[in-house]
Amino acid sequence: MKHYETVDLRTAPHRIPEAAVWFSQKWGIPEQAYLDSMEDSLEPGAVVPRWYVVCDQEKIIAGLGVIENDFHERKDLTPNVCAVYVDQEYRNRGIAGQMLNHLCADMKAGGIETLYLLTDHDSFYERYGWEFYCMVQGDGEELSRMYIHK
């Protein structure tokens with residue numbers, strides 16, 4: 001199985017414009033919102049926000065981020081892993097797990113031991129050490145599952 005490297009955009013800021021477009025296309029959130037958050041991640045000493053991409057050659061094929069709040073009512077459950085996405089043709093290759101493990105290790109190194117993740121998936125994240133925490137009301141959405149990782 002081919003290994004794909006998870007890249008922290010802080011170490012590859014030249015990829016930020018391309019990554020912002022990629023995330024915007026996947027999630028339907030304005031490109032500028034991603035650009036602003038990704039640029040905030042470049043601030044010296046910033047642990048959150050943080051953005052990562054995985055590439056096949058030069059093409060972005062997967063990505064995820066860490067932000068304070070992933071658009072839900074529980075402002076006390078922070079920071080949140082967000083925008084986890086792997087392009088369809090690259091799924092079932094362990095890329096999501098690789099990204100999540102990389103992100104969790106980075107956050108721990110930055111002093112953040114507990115992470116949260118809002119999702120509609122009901123068993124996917126358990127494979128990677130996440131535990132169901134509670135149901136949370138998303139902004140303008142139905143109740144969604146909140147996971148925790150320590």
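This is a predicted model: local features need pLDDT of at least 70, side-chain atom pairs count only at pLDDT 80 or more; totals for chains, interfaces and linings use all residues.
Reader: How is a pair of aromatic rings described, and how many aromatic pairs does a search of the whole structure find?

Author: Two quantities are used: the distance of the centres and the angle of the planes. In this model the search of the whole structure returns 12 aromatic pairs. One of them joins Trp22 and Phe23, with 5.0 Å centre to centre and 85 degrees between the planes, an edge-to-face arrangement.

Reader: Are Trp22 and Phe23 buried or exposed?

Author: Trp22 is buried, at a relative accessible area of 7%, and Phe23 is buried as well, at 0%.

Reader: Why is the pair of Trp22 and Tyr85 edge-to-face?

Author: The ring centres of Trp22 and Tyr85 are 5.9 Å apart and the planes stand at 75 degrees, so the pair counts as edge-to-face, the cut-off being over 60 degrees. This pair connects distant parts of the chain, since Trp22 belongs to helix H1 (residues 16-27) and Tyr85 to strand S4 (residues 80-86), 63 residues apart. Tyr85 itself is partly exposed, with a relative accessible area of 22%. Arg91 lies over the face of the Tyr85 ring, 5.1 Å from its centre.

Reader: Which residues do ring pairs link into a cluster?

Author: The cluster consists of Trp22, Phe23, Trp27, Tyr34, Trp51 and Tyr85.

Reader: How do strands of a sheet pair, and in what order do the seven strands lie here?

Author: Strands pair through backbone hydrogen bonds, either parallel or antiparallel. Here the seven strands form an open sheet with mixed pairing, ordered S1-S2-S3-S4-S5-S7-S6. S1 and strand S6 (131-137) are at the edges with a single partner strand each, so one side of each has no neighbour in the sheet. From one strand to the next, the twist averages 30 degrees. Three bridges join S1 and S2 in the antiparallel sense, and Val53 in S2 is the bridge partner of Val7.

Reader: Where does H3 pack, and which of its residues are buried?

Author: H3 packs on the sheet, touching S1, S2, S3, S4, S5 and S7, and its direction makes about 40 degrees with that of S3. Its buried residues are Ile95, Ala96, Gly97, Gln98, Met99, Leu100, Leu103, Cys104 and Met107. As a general idea, an α-helix has 3.6 residues a turn, so residues three or four places apart point the same way.

Reader: What span should the 15 residues of helix H3 have?

Author: At 1.5 Å a residue, helix H3 (residues 95-109) should span 21 Å, and its end C-alpha atoms are 21 Å apart, which agrees. Just after H3, Gly111 adopts a positive phi of about 95 degrees.

Key:
Residues are numbered from 1 along each chain as its sequence is written. Side-chain values use heavy atoms; hydrogens and water are left out. Rings of Phe, Tyr and Trp (its six-membered ring) pair if their centres lie within 6.5 Å; planes under 30 degrees apart count as stacked, over 60 as edge-to-face and the rest as tilted. Buried means under 20% relative accessible area, exposed over 50%, partly exposed in between (1.4 Å probe, protein chains only). Helices (H or I, at least four residues) and strands (E, at least two) are DSSP runs, numbered from the N terminus. A charge sits over a ring if NZ of Lys or CZ of Arg is within 6 Å of the ring centre and within 35 degrees of the ring normal. The expected span of a helix is 1.5 Å times one less than its number of residues. Two strands pair if DSSP finds at least two bridges between them. Axes are lines fitted to C-alpha atoms, for helices over the stretch in contact, and angles run from 0 to 180 degrees between N-to-C directions. Contact means heavy atoms within 4.5 Å.
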